Amino acid sequence: MTNARRAYTKSEELSLTTQVGGYCPLCDAPLFYTKRNHDYKNYQLAHIYPLNPTPEEIEELKEVARLHSEVNHPDNQIPLCARCHSQFDKPRTREEYEQLAAIKISILRQQMQRSLRGDYQLEASIDEVISLLGEVDFSDENTNNLQFDAKSLDQKFDASLPGPTRRKIKHHVADYYSHIKRGFRDLEMQTPMASEVIYTQVRSFYKKQKSLGLSQPEIFLNIVLWLRSNTASHSFDAPEIIASFFVQNCEVFD
């Protein structure tokens, strides 16, 4: 019995093409073209795991992880330009399947993270702490007085965290930890329990990330993106500095 290819709604196709940013995820060709003021499709929806695999494909893909038990589910679909779709299908190899599956998994994880960033709110008062970062005077001889304490961070890092990220977190802690801590103390004087609420919110978001089985680099990046989306900061620097503070302060990487 063969599987029938189902028709996808316009909203489903829009969602799938939006997932890849309007470009073929394999060759970066645009999925639409404009002619005489009209937009036209320049893509085909590809089944990542084949709709009706041949005996050879069944053998080739017998040990791969499937993205969904239903081959027509959008999680098993990805838009490709016609050339890449043809090459992907003929012949379909395990290596190419795993490459495309990895792209789709990354897309689905990004979507989930966007949803989580909306579900996990952060007190707006954290912006008052972030505002202090621009006031740090690096001519102060006490600015780096946490260099020794920052060494304890090594006990929180695991093998998945790259050396450059470790170094960056340590530098952020050494340069800014005492200033951020003072900012939270000032915030607490203005609004009792405000800092504790923020600590709890960060801890909760971290625990959710950890429950997903993500690596430390993924967790740190997701926390940075979450902080960025919930604060007035439009740069990566401030959210990275605040995320590093929470690593040292034990809300993250316990």
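This is a predicted model: local features need pLDDT of at least 70, side-chain atom pairs count only at pLDDT 80 or more; totals for chains, interfaces and linings use all residues.
1. A quick word on terms before we start: helices here are DSSP runs of H or I with at least four residues, numbered from the N terminus.

2. The peptide bond from lysine 90 to proline 91 is cis, and its omega is near -15°.

3. Another backbone point concerns aspartate 28. Although aspartate 28 is not a glycine, its phi is positive, at about 70°. You will find aspartate 28 in the loop that joins helix 1 (10-19) and strand 1 (32-35).

4. Now to the packing of helix 9 (residues 216-229) on helix 10 (residues 237-248). Their axes come within 9 Å and cross at roughly 125°. Angles of 65 to 115 degrees count as roughly perpendicular and those over 145 as roughly antiparallel, and helix 9 and helix 10 are therefore oblique to each other. The crossing of these two helices is right-handed. On the helix 9 side, the contact is made by Phe220, Ile223, Val224, Leu227 and Arg228, while helix 10 brings Pro239, Glu240, Ile242, Ala243, Ser244 and Val247. Sorted by class, this contact of helix 9 with helix 10 has 8 nonpolar, 1 polar and 2 charged residues.

5. Helix 10 also packs against helix 7 (residues 163-190), at an angle of about 85° and with the axes 8 Å apart. Helix 7 and helix 10 are therefore roughly perpendicular to each other. From helix 7, the residues in contact are Lys168, Ile169, His172, Val173, Tyr176, Tyr177, Ile180, Lys181 and Phe184; they meet Glu240, Ile241, Ile242, Ser244, Phe245, Phe246, Val247 and Gln248 of helix 10. By class, the contact of helix 7 with helix 10 has 11 nonpolar, 3 polar and 3 charged residues.

6. Finally, the largest pocket holds about 260 Å³ of space. Its lining consists of Ile105, Ser106, Arg109, Gln110, Gln113, Arg114, Arg117, Leu214, Glu218, Leu221, Asn222 and Leu225. Helix 4 (94-119) and helix 9 are the elements that give two or more residues to this lining. The largest share, 7 residues, comes from helix 4. By class, the lining of the largest pocket has 4 nonpolar, 4 polar and 4 charged residues.

Key. Residues are numbered from 1 along each chain as its sequence is written. Side-chain values use heavy atoms; hydrogens and water are left out. Axes are lines fitted to C-alpha atoms, for helices over the stretch in contact, and angles run from 0 to 180 degrees between N-to-C directions. Angles under 35 degrees count as roughly parallel, over 145 as roughly antiparallel, 65 to 115 as roughly perpendicular and the rest as oblique. A crossing is left-handed if the near helix is turned anticlockwise from the far one by less than a right angle, and right-handed if clockwise. Contact means heavy atoms within 4.5 Å. Ala, Val, Leu, Ile, Met, Phe, Trp, Tyr, Cys and Pro count as nonpolar, Asp, Glu, Lys and Arg as charged, and the others, Gly among them, as polar. On a 1 Å grid over the protein atoms alone, a cavity is a set of points where a 1.4 Å probe fits but cannot get out, and a pocket is an open set with protein on both sides within 12 Å along at least five of seven lines; lining residues have an atom within 4 Å of a point. Grid points are joined across faces, edges and corners, and a volume is the space filled by probe spheres set on the points.
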